[in-house]
Amino acid sequence: LIMSFGLIFDLDGTLMDTIPVIERSQTEVLQRYGVVLPPGYSNCFAGLPLRDIVALINKDFGKSLDWQEMGGQMSEIESRVLENGPSIVFDGLVDLLKDARRRRAGLAVGTSSEIDRAHGLLYVSGLYGFFDDVVGIEAVKQGKPAPDIFLECARKLGYLPKRCVVIGDARNDMLAARACGMKFVGFAPRDGKDRFSDADLVISSYRGISCRSLEHLIYRAEK
């Protein structure tokens with residue numbers, strides 16, 4: 001069975017293990033402005049665009065931080081860490097992307113990040129060449145959990161939403177995929193699978209996951 005379908009990935013925590021790097025850069029930059037986040041405060045940040053995160057911090061800490069200025073400083077720290085460190089691409093991912101290319105699936109990245117940061121991360125990790133399109137926060141009115149980012153991915157790839165599968169590591173990814181009628185695969189490399197109560201499939205690794213098994217999610221729904 002070979003079917004044409006769109007495979008859409010979230011970026012941070014899904015394609016590569018950037019979450020520890022983001023937390024480090026966030027902490028470092030916020031400290032420059034005299035903000036120290038209490039333990040657990042950042043748990044609600046997953047899948048949110050930086051502009052929304054900074055709006056929350058401004059509200060709760062009585063600050064007037066500029067999200068673009070903060071984003072620039074965070075990107076500098078991230079680039080320095082990633083260029084000098086080991087690969088943070090998740091095991092088995094490259095094999096899945098190669099399999100998807102062989103089977104002529106459309107491949108896109110749909111991220112709450114700014115497009116320049118997304119392109120930079122994809123270049124530095126060697127993943128850029130696999131993807132047909134990358135959609136960042138600038139391209140849409142609303143970030144996740146609204147469906148806008150994934151709908152724009154589907155439009156650019158040329159597939160109906162029901163012919164797309166989203167892979168993401170955050171609950172907001174699941175809610176956004178569900179809001180536009182796409183199949184959703186929850187990626188939980190460490191723990192917290194319970195946040196994906198409404199997923200079609202939950203995986204903890206890309207090893208052994210084939211493009212065919214993802215196609216089957218759509219095929220099963222259409223039978």
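Trainee: What is the orientation of α3 and α5 relative to each other?

Mentor: This is a predicted model, in which local features need pLDDT of at least 70, side-chain atom pairs count only at pLDDT 80 or more, and totals for chains, interfaces and linings use all residues. Residues are numbered from 1 along each chain as its sequence is written, and side-chain values use heavy atoms, leaving out hydrogens and water. Helix α3 (residues 67-84) packs against α5 at an angle of about 5 degrees, with the axes 11 Å apart; axes are lines fitted to C-alpha atoms, for helices over the stretch in contact, and angles run from 0 to 180 degrees between N-to-C directions. Angles under 35 degrees count as roughly parallel, over 145 as roughly antiparallel, 65 to 115 as roughly perpendicular and the rest as oblique, and α3 and α5 are therefore roughly parallel.

Trainee: Which residues in α5 meet α3?

Mentor: Contact means heavy atoms within 4.5 Å. From α3, the residues involved are S75, E78, L82 and E83, and they meet, in α5, R117, L121 and V124.

Trainee: Which strands make a β-α-β unit with α5?

Mentor: Helices (H or I, at least four residues) and strands (E, at least two) are DSSP runs, numbered from the N terminus. A crossover is right-handed if, with the strands pointing away from the viewer, the path from the first strand over the helix to the second runs clockwise. Helix α5 (residues 115-125) belongs to a right-handed unit of this kind, and its strands are β2 and β3.

Trainee: Why is β2 largely enclosed by the rest of the structure?

Mentor: Buried means under 20% relative accessible area, exposed over 50%, and partly exposed in between (1.4 Å probe, protein chains only). On one side of β2 lie G106, A108 and G110, on the other L107 and V109, and all are buried. Strand β2 (residues 106-110) is largely enclosed because the buried residues number 5 of the 5.

Trainee: How many bridges join β1 to β4?

Mentor: Strand β1 (residues 6-9) pairs with β2 in the parallel sense over 4 bridges, and I8 stands opposite A108 there. In β4, I8 stands opposite V166. Strands β1 and β4 (residues 164-168) run parallel, and the number of bridges joining them is 4.

Definitions and conventions: Pairing = 2+ DSSP bridges.
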